[in-house]
Amino acid sequence: MKLKQTYITFNDILSKNRIMRRCIKVFFAFIVIAILAPVLANDRPLICKYKGEWLFPVFSSKNLIFIGSESINYNMAKGWKTLETEFSFFPPCAYSPNSIDADNAPRKSPFDSQTMTLKNGEMKALPYKFRHWLGTTQNGNDVLSCLVHGTKISLSVGIFSMLIASLLGIVFGASAGYFQNNTLKIGVFQIIFLILVTFFNYFLCFIIRADKLSEGFQSGGIWLIYQVMFTIYLVIQNTVIFLWLGKWIDKKFNIDHKINFPIDTIVMRLIEILNSIPTLLLIIAMSAITKPSFSLLIVIIGFLSWTGIARITRAEYMKAKQLDYVTSCKAIGLGYYRIIARHILPNVLPVILVQVVFGLAGAVLIEASLSFIGVGVPLDIITWGSLLNEARDHFSAWWLVVFPGLCVFTLIFVYNKIAVEISKIK
Amino acid sequence: MKPVLYFLSVLLIALSSSCKKTQSNVLVVHLMSEPEDMHPTNGASAVRAEINLYTNLSLLRVNYKTGELLPCLVKALPVVSLDGLNYNYELKNNMTWDDGTPITARDILFTAKASKCLYTNNPGFKPYWENILDIEEDPNDIRKFTVIMKRPYILNTWFWTDFPILQEAFYDKSKTLSKYKNAQLTDSVFLQTKPDVKKWADEFNSSKYSTDPQFMNGGGPYKITKWDKGVSITLEKKKDHWSGNCKNDWYCQANPDKIILKLNSNNASALLELKNGLIDVSTVIDYASFSELSKDENFKKNYLLKLADTYNYTYVAMNMKPDGQKHKKLFTDPDVRKAMAMLTPYEQINKTLYENHNKRVIGPISPNKPDFNTALSPIAFDVEAAKDILDEAGWTDTDNDNIRDKMVDGEKVKMEFNINFIKGSKVWEDLGKQLSESMGKAGIYAMLNPLDYNGFFGAATGHDFDMIIGAWQSSAPPEDFSQLWHSSSWTNHGLNFTGFGTPQSDALIDSINTCINEPKRIELSKRFQQLVYDEQPYIFMFTQTRRVIVSKKWDNLEIYTEYPGVLLNTLKLKD
Amino acid sequence: MWRYALKRFFWFIPTLFAVTIIGFVLLANAPGDPVNSLVLSSNSGGSMQSIKDLEIQKKYWSKQLGLDLPLFYFSVQRLSEPDTLYKITDEAQLKKLKADLKINGGFKNYIPKITWYGFHNQYHRWLFGGNNSNGIVRGDFGMSISKKEPVIVILKDKLIWSLTFSILSILLAYVISIPIGIRMAKDPESRFSKISQFVLFLLYSMPSFFMGVLLLMLFANPDVLSVFPPSGIKPIEGYDDQSSLFTKICDSLPYMILPLICYTYASLAFISRLTATSITEQLGLDYIKTAKAKGLSEKTILWKHALKNSALPLITVFSSVFPGVVGGSVIIESIFTIPGMGLETVRAIISHDYPVVIAVITLSSVLTIFSYLLADILYAWVDPRIRTY
């Protein structure tokens, strides 16, 4: 119920706040571009008619088809443009980010004359539908196409890493803020079992599952995220089982002695440690250890940037604890979990959201910075930052500086502005 | 508003002082990468070799104009005995070290001993000294000595050009090495009983000799006076060098008072520095920047831009003898290797990455050398023909996943592999991308695998690769093929990465190496090139072109094919 | 006061330990075999004539680097593995052995075992010294693999440049943004406030690499405006040998301006905003009203009273700006080729020179921790109420 109310007030505010509305529109535009990237920028035509057959190359997952006796390879990149089709309709940007256009390399400016070589070896001016509107790179990659496809990476690195970070941040922050040092009491055996489970978890993660994890780190992608998540799940499951066991033994032997569990101190120390290590340096070092991949980057950023969210959450929970509705919740005897998750969380969510959105901007910046110095990101995927990296060797290629730079800037600006505007709503 | 005012005044100071450049006799040279160390025997980087040209002297040097040997410390080229094993040298008179003591045969002996001693830390250079059996000094004349070789070899005199002569009194104050013979110093059993040699070697190998300018000593006309790590290296002219009046030979000339080698690994900012007139000489700026500068009329008023040939070439090596487990048997068939060479888009690469400045190489010899085999025709880029060859060789796409495959030893092997190259070079990254794209069109899946320097060489010499992009630096002397192509170099984990070599080719290499007759050697070398051409262990790509940019303030410029292209000490400031 | 400082200091010791453990874990897991790289490119004390020599070499170096010791004070292992497994330093051999043990292990594979090794371990050696090492507590971060020099020798000069830039930029940020903040607080609705707020916010969202490349393209480019030198940190000829510190600074100044702008601009928005809010808060308090009633000029009130009392949040900002500056140095130094820690880190990463990377991380973390400590103590110094807490 509370969530719905928040949503309504949020909508209400949105209709009044012009700047925020615009920023959110731009953000959604980025998302749409990211989702539609393969349709917006692709070197295969959307629809074409070849020798009487209609083909939909963008949407096809096939590699090879036969028309009559002739075989058509879907990966022929530039070949599609010189193919003598009866009808063809190309995406607005007729290049894939990795396709090499040697005719317009190295580094053609948007205003240079651009050419293409026909099948018979003849050179002619590039028609407008194939033009590189934002220029090309050293290898002849189309900048516009790289920007369109780069959107997907910038957005997903930000959003997925912040999903991890906010999950961690809210869990840690809420438990630290709500329980502090004097609320959570655990029994003697529970403490012993907690220490035991730490060793056991270490054994499980780094010895039993070491092969699987390192396999995940090497291959990257979904497999990595699956491995990490599964390991985390195992850790949580073990911890819960051991704690429960401890509780059971405590009960069995009637040990009433309870000890305060200083969860607040532990979380705050953890935050302090993580904050004192320069994030960018640590990410560089960690991502250079294994094969670079964006999923690894997401995991690392997520695991390093929850501290800000946790701090805010903790502060908010400490405040909320004093409020009447929480005391009344306690009075009716609601459980910890219900109070923390169902009653306090919806109320403090907007404040946490501010931090999360700032974190999005930070994650985008980290990804772009890493791509810019060319460390810890895969080489074969061109991103906004790596375009700028290319310009670093050739300042005369201003289009490699200005367009990707503006993209990074706009996305970060939009995130920051949204965060600031949310924080104004009280 | 006050801070803004301060800020403006700071800006003004900056304006007034930023672009001042002294008109003194100081030559500023652009350096792309810093030498790892400057140890006289142990270092390996190319920059170190260049600096040694000015700070050190050798027995012999290269005559850059003719590409022949030039006597440097010795009066004339050696007198060779009939069996080609004894070389009699005589040192020039009046030569002195910095402290005024004469350069004598003892220093030559010491240099050889220090280089050959097992404890010295120069694994890369030991093989070059291997062939020296002993050096005997003339008991009557401290300037005469005889070098005794183990076997006749084309480089028996040439190899001296690479090695600076060390001063015994500087590097071995207690004269430890003079107590032992050459043979003893290479005997590991004998050395175990001699702690003093170990002590000397530890001292000699220590980092002070490789990093501290105070411990750098040489007979050349220049001296390293400052090494600001990560910023610059300063060479200063010695005030009273013994060769003060020798103006004919390049090695003892010293026209600029100071040579500053300024490190800048970023092309764009090096370009800006050139445009600002802060750098006098650059031979390393990238192709694109060179093209950009050569279109700039303003810049051409102050600078001379020239392209010069080199003996270096770029290649893509394929693993001919993979283990079949970690690395599948992809390139064991010469036809497949030839198809790979056909899949390389040479013209496109030359255009996009090298501004069409580079020449094709066809075999392991640069086209700028006399023994280049002109009868061989370069393999052209032809995707369709390559596909046919691959089909014929049994590599077809049976499972329709767009990657070719073949049954090898009862196992289905896919044509997918890694291309290794050294991290940090944008050009090689782009080259790899173009290769991989082009191969992709023929149903071959190549992934890029950038490695650090040690990892790259470890994998290459350990035969732990499928395909690598690399480049060899070569020089004017007759080519010794044994390091790169002899099969023993493959078994010993040497520089023969691919596994090339048959008994015939090995025999041919041996006969080339011992052939003193030049026309005959050229003929043998051509035959060897034909052998390599038939096998295609490499995709031979391009010779590299040196991009020479020199300020017009400096006169007396000559550009050579031999490294480093421009001899900095011969440049003269115009009045 | 001192007691408080001491107490804070002791609180930081566990953090310091944790940071070193993170650094060490990264170092121990770094890919590539340092012994192999060292033997490949350098072999002090022998030539590599035979495989046997190579083995001796490897043994020598793993002893020299302390790699033949157990990793930590204790280890958690499978029950099937012997507790002297650490003695095998060769990676391939170890892998094979582990696989063999696993096959023969049976159920023992899944039972953990804890072994205590005592102080004779790699972490202890790395931190406190012993076995050919002085330990990082005495400034010995081990040896750089690619340069074969002690890491601390490589980093010494670089650290000075990086610190100069970070401290200067933070000072500069304060000097510029406090007056802006005060003006914004004085009249929040004025055009100046609105414009400066907007501009600073734009700058805040600007990625530093974009800014850096733009600055170089615009102000060090003869085609546009050649005001500043494009790279480096001092004149090409270097400083004169006799020059005083002042002339050195003057010589380096033009080189430092563009990088300093890059370091500084992002924190301007933050600090000025904070100044503005905290001064606005102060202006609403009673004592300001009294001061106004006393007839003090607005300038004195703002600059003396209000600023002094709002110094507290400004000080805390110091500790949150500092880590950002240290991390950001990687980008800015590689754009402007400043021979600092950042540039060295990038070089070290590319050549897999892990001891250097870890030393940089550990050093900057320690510096950051000390900046927190400093901020804490300053905080207490400004506001004595905190000390009792």
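1. The structure is a predicted model, in which local features need pLDDT of at least 70 and side-chain atom pairs count only at pLDDT 80 or more, while totals for chains, interfaces and linings use all residues. Residues are numbered from 1 along each chain as its sequence is written, and chains are lettered from A and ligands numbered from 1 in the order in which they are written.

2. Where pLDDT is low, the predicted coordinates should not be read in detail.

3. Chain A is assigned domain 1 (1-42 + 135-184 + 262-426), domain 2 (44-134) and domain 3 (185-260), with bounds that come from an automatic or database domain assignment. The C-alpha centres of domain 1 and domain 3 of chain A are 28 Å apart, and 10 residues from domain 1 of chain A meet 10 residues from domain 3 of chain A, where contact requires C-beta atoms, placed from the backbone, within 7 Å.

4. Chain C is divided into domain 1 (2-138) and domain 2 (151-388), whose centres, taken over C-alpha atoms, are separated by 39 Å. Their contact takes 15 residues from domain 1 of chain C and 14 residues from domain 2 of chain C.

5. Between the chains, 43 residues of chain C are in contact with 40 residues of chain A. On the side of chain C that touches chain A, α14(C) gives the most, with 8 residues.

6. In chain A, the axes of helix α14 (residues 384-392) and helix α15 (residues 399-424) come within 8 Å and cross at roughly 150 degrees, the axes being lines fitted to C-alpha atoms over the stretch in contact, with angles from 0 to 180 degrees between N-to-C directions. That makes α14(A) roughly antiparallel to α15(A), a term for angles over 145 degrees. Residues making the contact include W384(A) and L387(A) of α14(A), and L400(A) and V401(A) of α15(A).

Conventions: Contact = placed C-beta atoms within 7 Å. Helix = DSSP H or I, 4+ residues; strand = E, 2+ residues; numbered from the N terminus. Parallel < 35°, antiparallel > 145°, perpendicular 65-115°, else oblique.
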